[in-house]
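Please examine the protein shown below.

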Amino acid sequence: VPTDCRAAAICHPATYLNKVLLGSDDGRALLLNVKSGLAIYEFAAFAGAGSGRVAVTCLANAPALDTVAVGLADGSIRVHNVRLDSPVAVFGHDGSRKPVRDVSFSSGRGEPVLAAVGDSGTVSVWDLEKKRLRTLVVGAHDAAGISCYFFPGSPILMPSGGDNALKHW
């Protein structure tokens, strides 16, 4: 790992043997071989709403191979193809421009969706086929959202927040 890289998020892309994707607080993402300890590939920095780089705050595997969601400090979410290093979709979490803290893909019945929580306490759910907002739950938490999780094979979403609450939708 480069010495100037401060890890902020990590995930293991499915089928990538001995590899992890590391997101940094300076906007970079690196594909690392955990066996050799070497950075195999450095992805282009994720540009924010302005011209500078934006910190990666969370990473999550998509059900589709080679695809991850990247939550950013400017409140945006990038669905990215890691094999091609190319964007698939870009979503704005809730308009607050506050950091996204966690994202989760549904692998349950129905349309494929992506849920996100962030510092605003709002939960947003995006329809991945139509690439548009499906649900926005403003005030889902009285404090910052911390994590969200879709149960495998189920449409049930459970976000948690700094208000010490765990919700169930």
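Rings of Phe, Tyr and Trp (its six-membered ring) form an aromatic pair if their centres lie within 6.5 Å; planes under 30 degrees apart count as stacked, over 60 as edge-to-face and the rest as tilted. By this rule the structure has 3 aromatic pairs. The model is predicted: local features need pLDDT of at least 70 and side-chain atom pairs pLDDT 80 or more, while totals for chains, interfaces and linings use all residues. Residues are numbered from 1 along each chain as its sequence is written, and side-chain values use heavy atoms, without hydrogens and water.

How accessible are these two residues? Buried means under 20% relative accessible area, exposed over 50%, and partly exposed in between (1.4 Å probe, protein chains only). Y149 has 43% relative accessibility and therefore counts as partly exposed; F151, at 33%, also counts as partly exposed.

The next topic is a sheet. Strands of a sheet pair through backbone hydrogen bonds, either parallel or antiparallel. Here, 4 strands form an open sheet in the order β5-β6-β7-β8, with antiparallel pairing. Strands are DSSP runs (E, at least two residues), numbered from the N terminus, and two of them pair if DSSP finds at least two bridges between them. β5 (56–61) and β8 (86–92) are the edge strands, each pairing on one side only. Between β5 and the antiparallel strand β6 (residues 67–72) there are 5 bridges. Within this region, N61 stands opposite V68 in β6.
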